[in-house]
Amino acid sequence: RNVGSSQFKTIEDDLVSALVQSGCIPENHGEDMKKMSFQRCARTDKGVSAAGQIVSLKVRLIDDILEKINNHLPSHIRILGLKRVTGGFNSKNKCDARTYSYMLPTFAFAHKDHDVQEEVYRLDRETLEKVNKLLACYKGTHNFHNFTSQKGPKDPSAKRYIMEMYCGEPFVRENVEFAVIKVKGQSFMMHQIRKMIGLVIAIVKGYASESIIERSWGEEKVDVPKAPGLGLVLERVHFEKYNRRFGNDGLHEPLEWTEEEEKIAVFKEQYIYPTIINTEREEKSMANWLNTLSIHDFNSSAAEMQANSKNSKNSSDLEGSDGCDDDSD
């Protein structure tokens with residue numbers, strides 16, 4: 001929610017409004033969300049979708065609660081489930097990992113020296129293997145200061161732990177081939193995922209050498225391109241420690257997604273994937289962004305980078321996070 005700003009309507013605004021209208025929370029709780037101990041687990045930017053977000057709050061357990069809330073929500077926002085949790089539960093603090101996906105047209109991986117017809121391009125096995133070899137380099141704990149803005153190499157919060165990252169098998173939609181990259185990590189900083197993917201695309205296309213990944217974790221400033229926001233989806237938020245402690249105590253249920261799995265798959269097919277595909281076709285966000293890769297300097301030294309950044313301050317750094325921002329720490 002953008003408090004004090006009515007310029008942008010958010011999912012949280014619609015959700016709180018539906019909670020009031022359905023009678024789950026008193027009206028004054030909508031204006032002061034602290035009263036219902038409201039907390040969202042992760043934050044998603046404009047243009048970023050969520051398929052498995054969680055919020056925690058105190059509600060009146062009215063009959064047919066899910067149905068009543070959903071009746072007051074637009075069709076592209078759905079409450080899929082409700083679980084009773086421990087008294088002091090906070091969805092942001094108790095979350096110990098997040099999984100994001102990034103859906104992109106596979107022509108993003110075509111080498112820069114090849115003339116590519118976007119609708120005809122199909123990803124070959126060798127290129128997919130190269131993509132996955134590069135994505136696997138991110139696994140483990142690294143200093144990701146080059147993958148976000150306003151963080152220096154000595155900032156301890158720039159160190160992040162990535163559990164897995166891979167690209168799945170490609171598939172064709174509306175004549176264009178797409179693939180989905182999955183990444184699971186403890187938490188992510190502003191723009192981190194988009195920059196991790198942007199750098200891999202730059203390497204596969206032949207703009208940067210593979211050694212740049214290793215170099216980016218060092219102290220020097222590296223020019224890391226940021227892939228478009230379209231295609232990024234918050235897939236799941238994980239509560240593994242909470243589940244081990246309270247999931248089988250006889251009073252609480254584990255916070256898992258098994259029952260909602262089918263509903264989530266249907267929702268993605270109905271709303272998320274068509275939005276990504278249609279917007280990509282209309283606005284060509286990936287194709288336009290790929291044209292900007294040639295102006296990045298992947299070999300410059302830290303001193304040159306600083307001189308360049310003083311001359312041109314990138315306004316896009318004012319966007320929100322890839323989903324969780326630093327408030328996920």
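Leaving aside neighbours within four places in sequence, Lys184 is in contact (heavy atoms within 4.5 Å) with Ala97, Arg98, Thr99, Ile162, Met163, Glu164, His238 and Glu240. This lysine lies in strand 8, residues 176-185; strands here are DSSP runs of E with at least two residues, helices are runs of H or I with at least four, and both are numbered from the N terminus. Lys184 counts as buried because its relative accessibility is 15%, where buried means under 20% relative accessible area, exposed over 50% and partly exposed in between, with a 1.4 Å probe and protein chains only.

The model is a predicted one, in which local features need pLDDT of at least 70 and side-chain atom pairs count only at pLDDT 80 or more, while totals for chains, interfaces and linings use all residues. Residues are numbered from 1 along each chain as its sequence is written, and side-chain values use heavy atoms, with hydrogens and water left out.

For the protein as a whole, 10 helices and 9 strands are found. Of its 329 residues, 48% are buried. Among contacts with a separation of 6 or more, 75% are accounted for by residues 24 or more positions apart.

Two positions carry annotations from an unreviewed UniProt entry. UniProt positions are given in the numbering used here, with shortened feature names, and the annotations may be inferred rather than shown by experiment. The "active site" annotation covers Asp45, a residue of the loop between strand 1 (39-40) and strand 2 (49-50). Asp45 is buried, since its relative accessible area is 11%. Under "binding site", UniProt lists Tyr100, which is placed in strand 4 (residues 97-105). Tyr100 has 0% relative accessibility and therefore counts as buried.

A pair of helices comes next. Helix 4 (residues 125-136) and helix 5 (residues 192-204) pack at an angle of about 135°, and their axes are 10 Å apart. Axes are lines fitted to C-alpha atoms, for helices over the stretch in contact, and angles run from 0 to 180 degrees between N-to-C directions. That angle makes helix 4 oblique to helix 5; under 35 degrees counts as roughly parallel, over 145 as roughly antiparallel, 65 to 115 as roughly perpendicular, and the rest as oblique. On the helix 4 side, Thr127, Lys130, Val131, Leu134 and Leu135 meet Val200, Ile203 and Val204 of helix 5. The residues of this contact divide into 6 nonpolar, 1 polar and 1 charged, where Ala, Val, Leu, Ile, Met, Phe, Trp, Tyr, Cys and Pro count as nonpolar, Asp, Glu, Lys and Arg as charged, and the others, Gly among them, as polar.

Leu57 lies in the loop between strand 3 (55-56) and helix 3 (65-71) and is partly exposed, with a relative accessible area of 26%. Not counting residues up to four places away in sequence, Leu57 touches Leu19, Ile25, Met36, Ser37 and Phe38. Asp64 is found in the loop between strand 3 and helix 3; although not a glycine, Asp64 has a positive phi of about 50°. Asn175, in the loop between strand 7 (171-173) and strand 8, has a positive phi of about 70° and is not a glycine either. Asp64 is exposed, with a relative accessible area of 51%, and Asn175 is exposed at 51%.
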